Amino acid sequence: MKLQSVIATALVLTIVSAVLAQNPAENARLSEPDLQAKLDVYVGQLKHGNVEERREAVVALGRIGERAKAAAPALAEALKSEDAVLRVDVAEALWQANENPAAVVALVAALKDKNTNAFANAIEALSRIGPGAKAAAPALRKALEIGRAS
């Protein structure tokens with residue numbers, strides 16, 4: 001029953017995330033110098049902030065999407081975070097920035113994490129990535145069958 005609850009929550013959060021999705025028009029209006037200034041701030045937060053500041057930076061970079069490619073190395077480094085939920089957020093932002101395959105690998109690893117939030121968030125992130133996450137299908141199928149990938 002608990003797995004069904006996690007999956008239901010993941011589906012609801014996916015729908016809510018889609019509704020509250022990034023505003024691409026706002027990001028498209030940023031000039032290159034303004035965008036670079038924002039990226040510099042977010043990368044600084046990602047490297048030197050506390051967990052909440054790093055999470056805010058990751059969410060912002062994810063919203064910027066492909067225009068955040070310059071932040072991809074910092075995002076890839078942040079995949080090493082000790083915070084399992086943050087790693088999932090980082091992986092999704094990394095995918096949004098440049099479709100880095102390391103993002104899918106990190107999300108598959110999160111399917112094996114003992115942290116239920118990381119597990120549920122990884123399922124959501126893989127669903128948003130869609131066909132780009134097809135390499136995760138066996139691990140996702142296994143996780144859904146047994147409640148956790150082993």
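Hi everyone. Before I start, one definition: when I say two residues are in contact, I mean that they have heavy atoms within 4.5 Å of each other. With that in hand, take Gln45: setting aside residues up to four places away in sequence, Gln45 touches Glu53, Arg54, Glu56 and Ala57. Please keep in mind throughout that this is a predicted model.

Let me place that residue for you. Gln45 sits in helix α3.

Now let's zoom out to the whole chain. What does the secondary structure come to? We have nine helices and zero strands. Of the 150 residues in the protein, 42% are buried. If you take the contacts with a separation of 6 or more, 60% of them are between residues 24 or more positions apart.

Back to our helix and its partner, α4. Two packed helices are described by the angle between their axes and the distance between the axes. Here, the axes of α3 and α4 come within 8 Å and cross at roughly 145°, and the crossing is left-handed. Who meets whom? From α3 we have Leu35, Leu39, Tyr42, Gln45 and Leu46, and on the α4 side they meet Glu53, Arg54, Glu56, Ala57, Val58, Ala60, Leu61 and Ile64. Sorted by class, this contact has nine nonpolar residues, one polar and three charged.

Leu61 deserves a moment of its own. Leaving aside neighbours within four places in sequence, Leu61 is in contact with Leu39, Tyr42, Leu46, Ala68, Ala71 and Leu75. That brings us to the largest nonpolar core, which has 44 residues; Leu46, Leu61, Leu75, Leu107 and Leu111 are those with the most contacts inside it. Several helices give two or more residues to this core, including α3, α4 and α5. Which helix gives the largest share? That would be α6, with ten residues.

Finally, a word on confidence. The mean pLDDT of the protein is 84, and 77% of the residues reach 70 or more. Among the elements, α6 has the highest mean, 97, while helix α1, residues 2–19, has the lowest, 48. Over residues 10–25 the pLDDT is below 50, and that stretch has eleven contacts in the model beyond near neighbours in sequence. Where pLDDT is low, the predicted coordinates should not be read in detail. Thanks, everyone, and I'm happy to take questions!

Note on methods: Residues are numbered from 1 along each chain as its sequence is written. This is a predicted model: local features need pLDDT of at least 70, side-chain atom pairs count only at pLDDT 80 or more; totals for chains, interfaces and linings use all residues. Side-chain values use heavy atoms; hydrogens and water are left out. A nonpolar core is a set of buried Ala, Val, Leu, Ile, Met, Phe, Trp, Tyr and Cys residues joined through side-chain atoms within 4.5 Å. Buried means under 20% relative accessible area, exposed over 50%, partly exposed in between (1.4 Å probe, protein chains only). Helices (H or I, at least four residues) and strands (E, at least two) are DSSP runs, numbered from the N terminus. pLDDT is the predictor's confidence in each residue, from 0 to 100. Axes are lines fitted to C-alpha atoms, for helices over the stretch in contact, and angles run from 0 to 180 degrees between N-to-C directions. A crossing is left-handed if the near helix is turned anticlockwise from the far one by less than a right angle, and right-handed if clockwise. Ala, Val, Leu, Ile, Met, Phe, Trp, Tyr, Cys and Pro count as nonpolar, Asp, Glu, Lys and Arg as charged, and the others, Gly among them, as polar.
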